[in-house]
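Let's take a guided walk through a protein chain, one piece at a time. Keep the structure open beside you as you read.

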Amino acid sequence: MASVMEPHEFYDKFHKWAVAKGPNLLFGLFVLFVGIWFIRFLRTRIRMRMANRNVHSSLQPFFLSLSITSLYVLLIISVMNIVGLELTVFTTIIGAFSVAAGLALSGTFQNFAGGVLILLLKPFEIDDNIVAQGQTGRVTSIQIFYTVLITVDNKTVIIPNGKLFNEVIVNENREGKRRLDFEIKLGYAAGVDQVKEIINNAITQTPGILPEPATRVGVVALEIDGVRFTVNVWVSPNNFLVAKIALQEKIIKDLAAAGVKLPGV
């Protein structure tokens, strides 16, 4: 039968424990409360710093959460060390959980890393027209895990950021202007100077054509059945298709009005 501890024995053991562990426990509690106050203070400072540095709004909650969580983990580990608690089992559990989570979420982590890099390095931004992963469209949303495009025929395309960042991205808006190129084939009966004058007049009368850089119109090829003219003009990226349609229709109408015979006519 187990012996019952006498009151004076309990007092002696408690006194010895309090003398040995009490200062560390009190100091640990002090560090814990001060640390919690300091982390809350840092939360406000970090949020203000990110706002002042124009960190993307999609990244701010993540960086804030990551920073604060890391500080809390360090605080708890520090307090446990001060109090004298063993960390061996705790460390083993965390390590095993991290390995399992990493294997299960490897694809998700890749998309997450791609999203962070896209938001930080900014290869494209909202409303940019891009060509990526065999898709062409306007960027409407950049999320942590995926990017959303709207194509010219109004289809929504969702591309995982991991694949998007690791492949070639063509940004059609980055330089602020695009060159519009097309060719026109006419018979040898058409005078070169006359055709160039008609095309140049059509360019100057078409809305949306930029005056700089200079346009270029000329003969690009001599073929058996006719002369091939090339037309190079500059337009804003968002006006590309509208300007192309308007200019080509204007050129065709002006050539016909001037009596220049068009192919198949």
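Before we look at the sheet, one term is needed: two strands count as paired if DSSP finds at least two bridges between them. Strands of a sheet pair through backbone hydrogen bonds, either parallel or antiparallel.

## The chain as a whole

What you see is a predicted model. The chain contains seven helices and eight strands. It has 265 residues, and 27% of them count as buried. Take the contacts between residues at least 6 apart in sequence: 63% of these join residues at least 24 apart.

## A sheet of three strands

Find the open sheet whose three strands come in the order S6-S8-S7, with antiparallel pairing. S6 and S7 (216-223) are the edge strands, each pairing on one side only. From one strand to the next, the twist averages 25°.

How many bridges link S7 and S8? There are seven, and the two strands pair in the antiparallel sense. Within this pairing, leucine 222 stands opposite valine 227 in S8. Two helices come into the picture here. H6 lies across S6, S7 and S8, and runs at about 25° to S8. H7 packs on the sheet as well, touching S6 and S8, and its direction makes about 25° with that of S6.

H7 covers residues 240-257.

Which residues of H7 are buried? They are Phe240, Ala243, Leu247, Ile251 and Leu255. These residues cover an arc of only 85° around the axis, which means that they sit on the same side of H7. The face turned away from that buried side carries the exposed residues Leu241, Val242, Lys253 and Ala257. Among the elements that cover the buried residues of H7 are strand S6 (178-186), helix H6 (192-205) and strand S8 (226-235). Just after the helix, glycine 259 takes a positive phi of about 85°.

In soluble globular proteins, nonpolar side chains tend to be buried together. The largest nonpolar core in this model has 24 residues, and Leu186, Val231 and Leu247 have the most contacts inside it. S6, H6, S8 and H7 are the elements that give two or more residues to this core.

Pick out leucine 186 and look around it. Leaving aside neighbours within four places in sequence, its contacts include Val195, Val227, Phe229, Leu255 and Pro263. There is also a second, separate core of 14 residues, which includes Val116, Val139, Ile142 and Ile159.

## A hairpin elsewhere in the chain

Now turn to S3 (residues 146-150) and S4 (residues 156-160). These strands run antiparallel and are joined by five bridges. Leucine 149 stands opposite valine 157 in S4. Together S3 and S4 form a hairpin, with five residues between them. Asparagine 154, in the turn, has a positive phi of about 70°.

Val157 and Ile159 make up the covered face, while Thr156, Ile158 and Pro160 make up the uncovered one. Ile159 is also one of the residues in the second core.

Definitions and conventions
Residues are numbered from 1 along each chain as its sequence is written. This is a predicted model: local features need pLDDT of at least 70, side-chain atom pairs count only at pLDDT 80 or more; totals for chains, interfaces and linings use all residues. Side-chain values use heavy atoms; hydrogens and water are left out. Helices (H or I, at least four residues) and strands (E, at least two) are DSSP runs, numbered from the N terminus. The expected span of a helix is 1.5 Å times one less than its number of residues. Buried means under 20% relative accessible area, exposed over 50%, partly exposed in between (1.4 Å probe, protein chains only). The arc is that of the directions from the helix axis to the C-beta atoms. Contact means heavy atoms within 4.5 Å. Axes are lines fitted to C-alpha atoms, for helices over the stretch in contact, and angles run from 0 to 180 degrees between N-to-C directions. A nonpolar core is a set of buried Ala, Val, Leu, Ile, Met, Phe, Trp, Tyr and Cys residues joined through side-chain atoms within 4.5 Å.
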